[in-house]
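I opened this notebook to record what I looked up in one structure. The entries follow the order in which I checked things.

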Amino acid sequence: MKKFSALVVFVFSICLPAHAEITVDSARALEKAVRMAGSGETIRVAPGRYDLTDLKIPRDMTIIGEGEVTFYSSAPVAKGILNPLWVSTFTVENIRFEGAQSPDLNGAGIRHDGEHLKVVNCVFKDSENGILATGQDHGKIIIVGSRFLNNGYGDGYSHGIYVASGASLSIEDSDFVGTKIGHHVKSLAGTTHIKRSTFDDADGRTSYAVDTSRGGAVAITNNSFIHAANADNSTLFNYDLARGGEAISLEITGNRIINRNRNGRLLRNETSLQPVLRDNDITNEAGGKLDIN
């Protein structure tokens with residue numbers, strides 16, 4: 001009897017369908033695939049340009065671009081080109097997001113209202129926010145090998161990445177260039193780790209490179225920063241409790257910083273926490289001066 005039961009379980013298990021992979025080659029086909037996909041399925045997107053507005057991701061799924069794939073919106077978005085919903089964990093790879101604009105000036109390439117988000121090898125360009133995350137408080141957001149170019153409306157309230165809620169933000173091997181007036185990265189997550197990435201104000205008049213105004217555990221390690229002479233804020237990094245939270249730890253180590261701002265300041269720390277500042281290579285150019293105290 002035990003052998004028979006084991007055989008039934010084995011046969012049943014091998015008959016269960018694996019997570020399907022769907023390939024699409026048009027915006028309408030992609031919208032339908034997202035609506036119909038089961039939890040955990042992968043959608044592969046053929047090369048091309050896809051006009052999408054507030055495409056809601058209702059459950060766990062992965063979208064992967066095959067070759068050169070661009071998602072853009074020819075119409076104003078309410079939230080973003082893609083919008084993962086509250087219960088969804090979403091992974092996206094090899095997609096270029098362009099031109100998200102909203103009447104409230106907070107349009108995003110991805111407006112993440114869900115649980116966990118992983119972004120790999122994507123580009124976010126010319127949107128009001130590259131990524132705006134307002135999802136679950138325990139959510140984890142991971143950014144790997146991605147580029148954020150010329151994002152921000154220019155009013156100081158939109159950013160390259162803005163994590164308004166979430167347990168952790170991890171950024172690795174990514175580039176931020178020319179964020180307009182806003183911050184390259186604004187994180188209110190409990191943990192913010194940024195490593196091996198580059199930040200260049202370019203002509204964006206960027207504010208903070210990294211703003212963590214809910215404190216938390218913050219590590220900024222082995223990155224490169226170019227701080228422009230005309231930056232909207234003379235300070236590179238901000239750490240305070242203006243949005244609540246707790247001052248846990250702050251490490252800024254092993255970074256290469258080129259400063260061109262005459263009134264440059266490495267860190268604004270409005271807490272009693274003693275930060276760890278170590279092994280940062282700082283070069284002042286074009287009459288720049290950087291206060292490291």
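**Entry 1: the cavity**

Which residues line the largest cavity? The model is predicted, and I keep that in mind for every entry below. I listed the lining and got V210, T212, V218, I220, F237, N238, Y239, L250 and L267.

I then asked how many cavities of 30 Å³ or more the structure holds. The search returned one. I noted a volume of about 30 Å³ for the largest cavity.

Next I sorted the lining residues by class. Seven are nonpolar, two are polar, and none is charged.

I also looked up which strands supply at least two residues each to this lining. They are strand 22 (210-212), strand 23 (215-221) and strand 25 (235-239). Strand 25 gives the most, with three residues.

**Entry 2: the chain as a whole**

I counted secondary structure and found two helices and 31 strands in the chain.

For overall dimensions, I took the box filled by the C-alpha atoms along the principal axes, which is roughly 80 × 50 × 30 Å. I then checked the radius of gyration against the rule for a compact globule. For 293 residues the rule gives a value near 19 Å, and the chain has 21 Å, which agrees.

I looked up burial next: 50% of the 293 residues count as buried. The chain exposes about 13,200 Å², and carbon and sulfur atoms supply 51% of that area.

Residues 24 or more positions apart account for 67% of them.

**Entry 3: N259**

Is N259 buried or exposed? I found a relative accessible area of 0%, so N259 is buried. The residue lies in strand 27 (residues 256-259).

I set aside the neighbours within four places in sequence and listed what N259 touches. The contacts are H227, G264, T283, N284, E285, G288, K289 and L290.

**Entry 4: E251**

I turned to E251, which is found in strand 26 (residues 246-253). Its relative accessible area is 35%, so E251 is partly exposed; the class runs between the 20% and 50% cut-offs.

With the neighbours within four places in sequence left out, E251 is in contact with V218, A219, I220 and V276.

F199 is 52 residues away along the chain, and the two C-alpha atoms are separated by 17 Å.

Where does D173 sit? I placed D173 in the loop between strand 17 (168-172) and strand 18 (175-177). Its phi is positive, about 55°, although D173 is not a glycine. At 35% relative accessibility, D173 counts as partly exposed.

A202 lies in the loop between strand 21 (198-200) and strand 22. Strand 22 is also one of the strands that supply at least two residues to the cavity lining in Entry 1. At 33% relative accessibility, A202 counts as partly exposed.

Definitions and conventions
Residues are numbered from 1 along each chain as its sequence is written. This is a predicted model: local features need pLDDT of at least 70, side-chain atom pairs count only at pLDDT 80 or more; totals for chains, interfaces and linings use all residues. Side-chain values use heavy atoms; hydrogens and water are left out. On a 1 Å grid over the protein atoms alone, a cavity is a set of points where a 1.4 Å probe fits but cannot get out, and a pocket is an open set with protein on both sides within 12 Å along at least five of seven lines; lining residues have an atom within 4 Å of a point. Grid points are joined across faces, edges and corners, and a volume is the space filled by probe spheres set on the points. Helices (H or I, at least four residues) and strands (E, at least two) are DSSP runs, numbered from the N terminus. Ala, Val, Leu, Ile, Met, Phe, Trp, Tyr, Cys and Pro count as nonpolar, Asp, Glu, Lys and Arg as charged, and the others, Gly among them, as polar. The radius of gyration is taken over C-alpha atoms; the globule rule is 2.2 Å times the number of residues to the power 0.38. Buried means under 20% relative accessible area, exposed over 50%, partly exposed in between (1.4 Å probe, protein chains only). Contact means heavy atoms within 4.5 Å. Accessible areas come from the Shrake-Rupley method with a 1.4 Å probe; for residues, only the protein chains shown count as cover.
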